[in-house]
Amino acid sequence: MKKLALTIGVALLCGNAMAQDARTVIADAQRALGGVNSITYSGSASDVAFQQCGSNAAALICYGTHDPVRPITNYVRAIDLNAPLSRHTGATMNPAGGGNTVPAPGIFFQQVTAQQADLSQPWGASLELYITPWGFLKGAAANNATAARRNVEGKSYTVLSWSPAVKAPSGKAYTVNGYVNADNLVERVETWLGENIMGDMHIVATYSDWRDFGGGVRVPTHIVQTRGGWPFFEVEVANARGNPADLATLAVDTRTPPPGGGPGGGGGGGQPQAMTITKEDLGQGVWRYTTGGGSYDSLVVEFNNYIMMLEAGQSQARAQLYVDEIKKQFPGKPIRYVMNTHPHSDHTGGLPVLVAEGATLIAQENAKEFFERALNTPRTLLDDSLAKAPKRAKVETVGDKRVYTDGSQTVEFYHIYPAPHSNALLIAYLPRNKVLFQGDFSVNPAQGGGFQPANDHVRALVPAVEKLGLDYTRYINVHASAAPQTKADVTAAMNTAAR
């Protein structure tokens with residue numbers, strides 16, 4: 001009994017020592033940053049529309065995942081630790097929207113309000129404050145942070161770790177780690193967030209080239225944030241002030257955002273309301289599944305021994321609805337393949353459902369690394385079908401062309417490049433049906449009849465299809481069209497653009 005009491009006593013002493021050490025490290029780091037209650041810094045920045053790439057003022061063509069990034073000028077960030085809140089803004093040049101690649105003036109604006117900063121609220125809304133050095137230390141001081149020594153790439157750090165009150169959908173606690181160097185500066189903050197495609201997405205913010213901007217106020221002049229290992233946000237700081245008198249008015253954007261608000265990710269995990277499937281029989285063992293207005297349509301292709309699904313329905317809810325209907329319509333036939341037109345977030349959201357079904361993903365080879373890394377990341381923070389029934393994602397790729405056939409059914413896939421929207425754009429051609437299926441080459445009706453001028457995406461597609469010699473009559477978009485579209489409609493839009 002005495003031995004047990006001694007063991008417990010030693011453990012308590014160690015625990016108290018670690019807690020005391022953490023409090024000391026936090027206090028020393030706060031002093032090293034100047035002991036400020038608020039901070040503002042400015043300079044230039046760049047960001048991405050997450051899981052996307054495309055035209056902006058820097059480049060009109062997509063070269064890879066998150067390449068190009070979008071420049072942000074006149075960048076300003078203000079952080080109020082007392083509220084607490086964070087707000088940053090800047091000027092951008094975005095594509096004008098509607099598939100037009102001509103850049104137009106736009107804004108960058110992102111904030112964490114005092115309500116969002118409540119650590120019992122969703123972590124995704126508040127973490128942008130708490131992965132800053134100042135926000136991290138505030139969170140560490142209020143949430144019983146622990147401290148440990150760790151060597152990273154030959155450099156020694158004190159690592160402070162804490163968890164917000166809110167839990168992940170799986171019930172697991174989130175974790176935030178901050179790496180404090182020998183000068184008591186926070187060089188790196190990391191956390192994880194459950195993301196529809198990227199699983200336990202690793203979010204890392206690094207802070208380097210620290211500078212004293214006067215009065216002991218130290219700020220990193222180079223800030224880099226990655227998500228899932230991909231570029232996400234970067235800042236070059238030129239000026240900074242601690243405890244600014246004009247904090248309340250800093251970084252408030254009074255401009256009116258342009259229509260569409262510029263590029264943005266998201267949409268992958270959305271939950272459409274009251275969805276009902278309508279099936280269109282296209283003949284020759286091919287069906288179009290749709291849920292009506294706002295749908296992301298899929299084509300379901302019956303082969304002799306399996307089913308191929310073209311696009312996964314955007315959200316997991318719609319994907320599951322489509323999968324359940326396929327099982328009813330084709331009992332005993334497995335869904336062997338699912339094709340993705342391109343790896344933007346609104347075209348990938350349903351893929352976890354298909355991976356959980358054991359389907360092999362067909363994607364353009366430029367998207368292979370992204371999909372294999374993202375879909376094979378652990379999903380311990382999520383509670384979706386793939387988290388509950390983990391399977392390793394299998395990816396088959398298309399270079400310029402690939403044909404799937406069993407002698408009776410045939411689907412052809414083609415890479416369309418260069419094009420403004422993605423470097424991994426695939427279209428599908430069904431020769432028996434003379435159907436062309438595509439993701440974001442939208443042909444839009446005009447008010448009063450006819451069609452709007454073909455946008456830059458369609459203008460990239462049409463000559464590529466003509467060069468390939470694809471003899472199609474039906475033109476099907478993943479984004480549901482109000483009425484069936486044909487090759488004649490595409491031609492009409494192209495002719496309107498040429499006037």
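Colleague: What lies between β10 and β11 in the hairpin that they form?

Modeller: There are 2 residues between them, and glycine 228 in the turn has a positive phi of about 60°. This is a predicted model, in which local features need pLDDT of at least 70, side-chain atom pairs count only at pLDDT 80 or more, and totals for chains, interfaces and linings use all residues. Residues are numbered from 1 along each chain as its sequence is written, and side-chain values use heavy atoms, without hydrogens and water.

Colleague: How do you know that β10 and strand β11 pair?

Modeller: Two strands (DSSP runs of E, at least two residues, numbered from the N terminus) pair if DSSP finds at least two bridges between them. β10 and β11 (residues 230-242) have 6 bridges, in the antiparallel sense, and therefore pair. Glutamine 225 stands opposite phenylalanine 233 in β11.

Colleague: Why are strand β22 and strand β23 said to pair, and in which sense do they run?

Modeller: β22 (residues 435-438) and β23 (residues 474-477) are joined by 4 bridges, against the required at least two, so they pair; they run parallel. Phenylalanine 437 has isoleucine 476 in β23 as its bridge partner.

Colleague: What makes β19 and β24 edge strands?

Modeller: The open sheet has the order β19-β20-β21-β22-β23-β24, with mixed pairing. β19 (401-405) and β24 (485-486) each pair on one side only.
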